[in-house]
Amino acid sequence: MDANLIRAAQGGSEEAFARLVDRHQQALRAFLRRACGDWALADDLAQEALLTAWSRIERLDEGVNVRAWLCGIGYNKLLTQLRSDRRARQREADYQSADHRSSGAAPEDRLALERAMAALPLEQRAVVALCLAAEFSHADAADALGLPLGTVKSHVARGRARLMEALGVRDE
């Protein structure tokens, strides 16, 4: 029965593919739910797998078990998601570690600095972030942001003063 639907779907019949989906999507979802343990993620991965299956239906060989083929696509989607999640966690850990190393300040001081930065106007915040935090020269910051050099210099001075005031630091 699947063979006729596969041939029709390979010929471009969306209805035939929809019937294949109706027939096999519950098994795909159940497999992914058991494999990843997260029902919402499993449903998302199943949808992605079905979209991929539709785009690859013409490559499906005659006699292939459609359910196994769909589960294979779903499994590959799961592996990709797990790799992506692992990379995101590693990036976050690296960022947290670098942020912690780069600032010897106490957590409450870092939070106060973040709040003070957030209170700056966007353009001024961008200039302060480049010149004071990323150690850009005024000229490089002007080039990067497309601002006149004088504007960058005044933003640095005003931004620095506002940050120091917000942090309760006196400029000696």
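Which helices each supply at least two residues of the lining of the largest pocket? The legends below begin with this question and then turn to other close-up views.

**Figure 1. The largest pocket and its lining in the predicted model.** The helices α5 (107–119), α6 (122–133) and α8 (149–167) each supply at least two residues of the lining. Helices (H or I, at least four residues) and strands (E, at least two) are DSSP runs, numbered from the N terminus. The lining consists of Leu113, Met117, Val128, Ala129, Leu132, Ala133, Arg160, Leu163, Met164 and Leu167. By class, these are nine nonpolar, no polar and one charged residues; Ala, Val, Leu, Ile, Met, Phe, Trp, Tyr, Cys and Pro count as nonpolar, Asp, Glu, Lys and Arg as charged, and the others, Gly among them, as polar. The space in the pocket is about 270 Å³. A pocket is an open set of points on a 1 Å grid over the protein atoms alone, where a 1.4 Å probe fits, with protein on both sides within 12 Å along at least five of seven lines; lining residues have an atom within 4 Å of a point.

**Figure 2. The aromatic pair of phenylalanine 17 and tryptophan 54.** The structure holds one aromatic pair. Its members, phenylalanine 17 and tryptophan 54, are tilted, at 4.9 Å centre to centre and with 55° between the planes. Rings of Phe, Tyr and Trp (its six-membered ring) pair if their centres lie within 6.5 Å; planes under 30 degrees apart count as stacked, over 60 as edge-to-face and the rest as tilted. Phenylalanine 17 belongs to helix α2 (residues 14–36) and tryptophan 54 to helix α3 (residues 39–56), so the pair ties together parts that are 37 residues apart in sequence. Phenylalanine 17 is buried, at a relative accessible area of 10%, whereas tryptophan 54 is partly exposed, at 30%. Buried means under 20% relative accessible area, exposed over 50%, and partly exposed in between (1.4 Å probe, protein chains only).

**Figure 3. Arginine 33 over the ring of tryptophan 39.** The charged end of arginine 33 sits over this ring, 4.0 Å from its centre. The term applies if NZ of Lys or CZ of Arg is within 6 Å of the ring centre and within 35 degrees of the ring normal.

Figure 4. Glycine 72 lies in helix α4 and is partly exposed, with a relative accessible area of 31%. Glutamate 48, in helix α3, is partly exposed at 37%.

**Figure 5. Glutamate 135 in a loop.** Glutamate 135 lies between α6 and α7 (138–145). This residue has a positive phi of about 60° although it is not a glycine. Glutamate 135 is exposed, at 69% relative accessibility.

Figure 6. Confidence is lowest in α5, at a mean of 83, and highest in α3, at 96.

**Notes to all figures.** Residues are numbered from 1 along each chain as its sequence is written, and side-chain values use heavy atoms, with hydrogens and water left out. In this predicted model, local features need pLDDT of at least 70 and side-chain atom pairs count only at pLDDT 80 or more, while totals for chains, interfaces and linings use all residues.

Methods: Grid points are joined across faces, edges and corners, and a volume is the space filled by probe spheres set on the points. pLDDT is the predictor's confidence in each residue, from 0 to 100.
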